[in-house]
Amino acid sequence: MDSLTQIILGAAVGEAILGKKVGNKAMLYGAIAGTIPDLDVAASYFTDTVTALSMHRGFTHSIVFSVLFAPILGWLVSRYETYKDFKGWSWLFFWAFVTHPILDAHTTWGTQLFWPFDLRLAFKTIFVIDPLYTLPFLVFLILTLRQKRSSKKRSFYNRIGLLVSSLYLLTTFFLKASAFSQFEAALKNQHIDYLKIDTRPAPLNTVLWSANVETEQAFLLGNYSFFDTQPITFESYPKNHELLGGLIENESVQRMIAITENWYTITKKNDQLYFNDLRFGTLSMAPKSQNFVFQYKIELDPTGNINFTEVEKDTSDGKKLLTELWNRIKGN
């Protein structure tokens, strides 16, 4: 999830653990702890794209990380804070750490919660930024902050914030199941034979859902809103995996394929090969759009190594997408 949401979650968790004993400092340390797992993004400055992607939401988003580092930070804080309870501070950091990847597990990218096991947990029930999750949570956190430490309303507001946000997450599973059934029915009605189907919420909401459908030679991309009145339509994107030729055996290429879980296409423009990650769709609702959210140039360096360079996004595309999303959410 986005940084603001993780700060809010961490602060609420910190308050639940130590709020009655240390007041607003519990929120402060919880908020800090809630952002620490995302420091793994720094890997992009020190290593290649493929390695950075494989590390993203890896070790720092695992139970192992929470178990190892919570007592270390708990000990450090207990050394200089007035409240000296090592166990209490350790529990605060542990729960702020571990709830971060649990929340991230609901997104499309998912997390390696059970690192070092090669298992990425991704429920794909919520977009990385979702106002319906974050804003009510923020309101209750502010209400909590305004109460005195000893006030019963303080713990009440914090519990309500945690409950409302958690119930929303639970609801998204039912929304995903409902959307999934609609995509399945559409494929059946259109007599489309497919190998597998993957669904996820469209950006910023859980009313509009997207589906990736794999067939023998292509991937089909479709959208469904709970306000739709017309049948679902699918756009076909040829896999073009054969364009990789001998590059398919390269280790970096194989790692990228594994990262995308085989949801990728290859396109060629002016003799330049592009690797398109389909898990996040396109930056446009227009039919046949080739403006993929994550697209990488496949480049060969002088030493013969293959590098993946992410294609920069145009900010105007994001603004246009917001308008298109709003119109599509209202139904087809």
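Reader: Which residue is the bridge partner of A218 in β4?

Author: Strands of a sheet pair through backbone hydrogen bonds, either parallel or antiparallel. Here, A218 has P238 as its bridge partner in β4. Five bridges join β3 (residues 218–225) to β4, and the two run antiparallel. Two strands pair if DSSP finds at least two bridges between them. Strands (E, at least two residues) and helices (H or I, at least four) are DSSP runs, numbered from the N terminus. Keep in mind that this model is predicted: local features need pLDDT of at least 70, side-chain atom pairs count only at pLDDT 80 or more, and totals for chains, interfaces and linings use all residues. Residues are numbered from 1 along each chain as its sequence is written, and side-chain values use heavy atoms, with hydrogens and water left out.

Reader: What is the order of the strands in the open sheet?

Author: Read across it: β1-β2-β3-β4. These four strands pair in the antiparallel sense. β1 (196–201) and β4 (234–238) are the edge strands, each pairing on one side only. From one strand to the next, the twist averages 20 degrees. Angles run from 0 to 180 degrees between N-to-C directions, using axes fitted to C-alpha atoms, for helices over the stretch in contact.

Reader: Take T199 in strand β1. Is T199 buried or exposed?

Author: In a regular strand the side chains alternate between the two faces of the sheet. T199 is buried, because its relative accessible area is 2%. The cut-offs are under 20% for buried, over 50% for exposed and partly exposed in between, with a 1.4 Å probe and protein chains only. Beyond its neighbours within four places in sequence, T199 is in contact with K124, K176, F180, F183, S210 and A211.

Reader: What about T267?

Author: T267 sits in strand β5 (residues 264–269). With 14% relative accessibility, T267 is also buried. Its contacts, sequence neighbours within four places left aside, are L243, Q272, L273, Y274, N276, Q290 and Q295. Compare sequence and space: L244 is 23 residues from T267, yet their C-alpha atoms are 9.6 Å apart.

Reader: How many bridges join β6 to β7?

Author: Five, between β6 (residues 272–282) and β7 (residues 292–300), in antiparallel fashion. N276 faces Q295 in β7. Then β7 pairs with β8 (residues 306–310), antiparallel, again over five bridges. L300 stands opposite I306 in β8. β7 and β8 make a hairpin, with five residues between them. In that turn, G304 has a positive phi of about 95 degrees.

Reader: Which helix gives the most to the lining of the second largest pocket?

Author: Rolling a probe the size of a water molecule over the atoms shows where empty space is left. Here, α8 (251–259) gives the most, with three residues. α3 (49–55) supplies at least two. Among the lining residues are W109, D118, R255 and R279. By class, the lining has five nonpolar, two polar and five charged residues. The volume of this pocket is about 250 Å³.

Key: 1 Å grid on protein atoms, 1.4 Å probe; cavity = no way out; pocket = protein on both sides within 12 Å on 5 of 7 lines; lining within 4 Å. Points joined across faces, edges and corners; volume = space filled by probe spheres on them. Nonpolar A, V, L, I, M, F, W, Y, C, P; charged D, E, K, R; others polar. Contact = heavy atoms within 4.5 Å.
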